[in-house]
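Please read the following alongside the sequence and the coordinates.

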Amino acid sequence: MAAEPHSIPHRVTGWVQQRIEAVGAALLAGSAAVRELWLVYIATWAGVARRASRRRVPQGRQGRPGQARGAIVHQLYWIGNRSIVFIAVTLGFLGMVMAYEACLQLSRVTGDFSQVGSQLLRLDVSDFAPTLTALMLATRVGAGIAAEIGSMKVTEQIDALRMSGVLPIDYLIVPRFIASLIMTLALTVLGGVVMYAAGGLTAKYSFGVNPHVFFDASMVRGRHVALLIVKAAAYGAAIPVVAGFCGLRARGSSEGVGWATTAAVIGGSFAVLVLDFLLSAAALVVFGGDL
Amino acid sequence: MTAPRDGFIAGIGASAVAVAQEVGGIVLLTAAVARALVPPRIDGRELWKSLYKMGNRSVPIVVLTALFAGGLMTLQAGPFVKKFGATALAGWGAGYAVLRELGPILIGLMFSGRVGANNTAELSTMTVTEQLDGLRALAIDPVQFLVVPRVIAMMTTLVALTAIGDLVALIGAAIVGRVMLGIEWSTMYHGFVDNLRPFDFLHGIYKAIAFGGAIAVSSCYFGVTVRGGAVGVGRAVNHAVVAAAISILLLDFFLTYLTG
């Protein structure tokens with residue numbers, strides 16, 4: 001503030017200070033949000049553990065507060081079955097585009113299509129199928145969860161849950177978390193199959209690639225499948241936690257719900273990209289050129 | 001939107017009708033926007049405000065997304081580089097994928113999440129609090145006053161953001177190539193410059209124009225047609241991002257296919 005007010009016009013220093021303050025405030029808010037998000041994640045695992053241990057009580061005290069009956073099945077249906085068409089359509093088109101671009105490049109350079117199918121399958125399994133499916137789910141499922149929990153928050157239903165001695169995370173996030181873990185993997189497999197099949201059809205009808213040459217799994221190793229499972233699990237865990245966190249932070253009225261939904265889509269997509277980057281980099285370090 | 005429980009076929013029919021209604025509504029809104037543009041009377045202040053809010057405020061998220069997208073594409077080329085020492089290939093593959101497909105798609109999806117969803121939330125809040133009816137009572141056309149500036153602003157800003165994002169993604173690809181794979185900066189630079197043509201960049205840019213239009217019209221449609229209070233707003237935002245994601249991928253395929 002006192003940095004030579006005579007040599008630099010005061011307006012400029014004020015402006016610079018404002019900018020620096022804005023960046024600092026954004027960083028502080030960001031780190032606080034990440035810390036809270038981490039706490040919600042831990043609390044979710046704790047809720048999963050509580051749920052699992054409660055099941056072992058022989059009398060089967062189901063239906064007690066904090067454990068809605070059939071909540072997981074309902075969420076499995078809502079997250080999984082209701083997303084099938086969406087995932088199939090979007091990943092189908094992505095697969096067509098990717099096969100088209102790959103063949104187009106090859107036709108410009110070598111014109112040798114014998115490797116394109118097996119390499120695409122390797123990329124699909126180790127990266128594109130889980131990541132693109134999760135990006136789509138972050139949009140659809142993440143926005144849905146945040147909208148639902150956010151509207152419960154602004155209509156004070158979350159407070160009502162707390163009043164009745166129910167932990168909102170156990171009651172709302174844990175069923176979605178478990179359902180998302182299962183269904184992200186299932187939808188990844190579905191999306192990958194649709195994507196590869198659509199790519200094969202495109203390669204056949206646009207570039208005349210023989211399907212026998214295209215559908216070739218010789219490049220896929222066990223480590224690629226392991227990478228698919230790890231990635232799908234990581235994304236499946238991240239999406240509902242981020243979305244639930246955004247929903248629980250909703251404030252105000254309808255505008256707050258809108259904000260929460262927006263934040264869930266951005267946060268979920270970004271979490272998927274960051275996790276993909278970390279996991280791909282780790283796999284490259286571990287396996288090196290054999291990946 | 002929930003399908004009736006009494007039959008599988010009936011459920012399919014109901015969702016087909018719902019989808020047709022939404023597509024029809026979006027097309028009608030597009031026509032209304034086009035008609036409002038014929039003598040171009042655009043509210044300058046609203047346009048300026050939207051440009052700032054949608055463009056400048058989205059730069060951080062676009063830059064972060066693009067950095068990761070570029071880095072990811074280099075990582076995918078990593079095994080080839082390590083196995084065959086094909087360092088020139090990394091720049092070619094990463095640059096090509098980023099400029100033509102991944103850059104516009106990822107930036108479009110992020111833009112749809114940040115700007116499109118926000119726009120739906122804002123417009124739908126205005127709708128449920130009857131502010132649109134207020135505008136109509138003052139003889140102000142909501143499409144002209146609210147929708148048209150947003151559509152123009154989104155198309156403009158998405159093109160600008162894609163151009164910025166492409167550059168950042170190439171930088172991200174070069175950084176990851178240097179750090180993870182030990183590719184020299186100059187090798188990466190020549191990989192980009194020798195193999196990528198201006199048309200590859202333009203391919204991404206005109207995709208961005210189409211994506212911007214699709215995101216804008218669908219987000220405005222779901223904002224204007226919302227019903228019910230806070231629950232309705234949440235659902236409208238949800239529908240808007242889903243519709244934007246589907247239309248981005250559909251348009252991407254057709255634009256790639258038609259223009260090569």
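Ala216(B) is buried, because 31 other C-beta atoms lie within 10 Å. A residue is called buried if 20 or more other C-beta atoms lie within 10 Å of its own, exposed if 12 or fewer, and partly exposed in between, with C-beta atoms placed from the backbone. Ala216(B) sits in helix α8 of chain B, residues 198–224. Helices here are DSSP runs of H or I with at least four residues, strands are runs of E with at least two, and both are numbered from the N terminus. Leaving aside residues up to four places away in sequence, Ala216(B) touches Arg150(B), Val151(B), Met154(B) and Met155(B); two residues are in contact if their C-beta atoms, placed from the backbone, lie within 7 Å. Ala163(B) is 53 residues from Ala216(B) along the chain, and the C-alpha atoms of the two are separated by 19 Å.

This is a predicted model, in which local features need pLDDT of at least 70 and side-chain atom pairs count only at pLDDT 80 or more, while totals for chains, interfaces and linings use all residues. Residues are numbered from 1 along each chain as its sequence is written, and chains are lettered from A and ligands numbered from 1 in the order in which they are written.

Chain B as a whole has 9 helices and 0 strands. Its C-alpha atoms fill a box of roughly 65 × 50 × 35 Å along the principal axes. Of its 260 residues, 48% count as buried. Among contacts in chain B between residues at least 6 apart in sequence, 86% join residues at least 24 apart.

Chain A also has 9 helices and 0 strands. The box for the C-alpha atoms of chain A is roughly 80 × 65 × 35 Å, again along the principal axes. Buried residues make up 45% of the 291 residues in chain A. Of the contacts in chain A with a separation of 6 or more, 86% are between residues 24 or more positions apart.

Where do the two chains meet? The contact takes 46 residues from chain A and 45 residues from chain B. On the side of chain A that touches chain B, the elements giving two or more residues are α3 (84–109), α4 (116–154) and α9 (254–287). Of these, α9(A) gives the most, with 17 residues. By class, this side of chain A has 24 nonpolar, 16 polar and 6 charged residues. Ala, Val, Leu, Ile, Met, Phe, Trp, Tyr, Cys and Pro count as nonpolar, Asp, Glu, Lys and Arg as charged, and the others, Gly among them, as polar.

The axes of α3(A) and α4(A) come within 10 Å and cross at roughly 145°. Axes are lines fitted to C-alpha atoms, for helices over the stretch in contact, and angles run from 0 to 180 degrees between N-to-C directions. The residues making this contact include Phe86(A), Leu94(A) and Leu106(A) of α3(A), and Val116(A), Met136(A) and Arg140(A) of α4(A). By class, the contact of α3(A) with α4(A) has 13 nonpolar, 2 polar and 1 charged residues.

The axes of α4(A) and α9(A) are 8 Å apart, at an angle of about 150°. That angle makes α4(A) roughly antiparallel to α9(A); angles under 35 degrees count as roughly parallel, over 145 as roughly antiparallel, 65 to 115 as roughly perpendicular and the rest as oblique. The contact of α4(A) with α9(A) divides into 13 nonpolar, 10 polar and 2 charged residues.

Nonpolar side chains tend to be buried together in soluble globular proteins. A nonpolar core is a set of buried Ala, Val, Leu, Ile, Met, Phe, Trp, Tyr and Cys residues joined through C-beta atoms within 7 Å. The largest such core here has 152 residues, of which Ala264(A) and Val98(B) touch the most other members. α4(A) gives the most to this core, with 20 residues. Not counting residues up to four places away in sequence, the contacts of Val98(B) include Ala69(B), Met73(B), Leu170(B) and Ala173(B).

Two loop residues remain. Glu156(A) has a positive phi of about 65° although it is not a glycine, and lies in the loop between α4 and α5 (157–163) of chain A. Glu156(A) is exposed, because 10 other C-beta atoms lie within 10 Å. Ala139(B), also not a glycine, has a positive phi near 65°. Ala139(B) is in the loop between α5 (131–137) and α6 (142–181) of chain B, and counts as exposed because it has 6 C-beta neighbours inside 10 Å.
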